[in-house]
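User: I've got a model to go through with you. Can you take my questions as they come?

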Amino acid sequence: MKNNPLNKGIIMENADGIGTVTPAMIEARARELALINGHGSKPTEADYQQAKRELTGEEQFARL
């Protein structure tokens, strides 16, 4: 099954679209990731990048 490129960056909740990804959404997810990764409440650049990838549906890069 091919992905629809028109849906890139759109978040779905219960099959209802909730709009495009906002900087506030990325910030909130980065803070969650920082807590999960043990960085406290201050996200690192890697947390922001991961949050953006997760929310926009970008492909994950292999970790070296």
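User: Which residue forms a salt bridge with Glu27?
Analyst: Arg31, with the closest N and O atoms 2.9 Å apart. A salt bridge here is a side-chain nitrogen of Lys or Arg within 4 Å of a carboxyl oxygen of Asp or Glu. This is a predicted model, numbered from 1 along each chain as its sequence is written; local features need pLDDT of at least 70, side-chain atom pairs count only at pLDDT 80 or more, and totals for chains, interfaces and linings use all residues. Side-chain values use heavy atoms, with hydrogens and water left out.

User: How many salt bridges does a search of the whole structure find?
Analyst: Three. Glu32 pairs with Arg29 at 2.9 Å between the closest N and O atoms. Arg29 also pairs with Glu54, at 2.6 Å. Arg29 lies in helix α1 and Glu54 in helix α2, so this pair ties together parts 25 residues apart in sequence. Helices are DSSP runs (H or I, at least four residues), and strands are too (E, at least two), numbered from the N terminus.

User: Switching topic. Which residues make up the largest nonpolar core?
Analyst: Val21, Ile26, Ala30, Leu33, Ala51 and Leu55. Such a core is a set of buried Ala, Val, Leu, Ile, Met, Phe, Trp, Tyr and Cys residues joined through side-chain atoms within 4.5 Å. Buried means under 20% relative accessible area, exposed over 50%, partly exposed in between (1.4 Å probe, protein chains only).

User: Which helix gives the most to this core?
Analyst: α1, with three residues.

User: And which element has the lowest mean pLDDT?
Analyst: Strand β1 (residues 10-13), at 60, while α1 has the highest, 95. pLDDT is the predictor's confidence in each residue, from 0 to 100.
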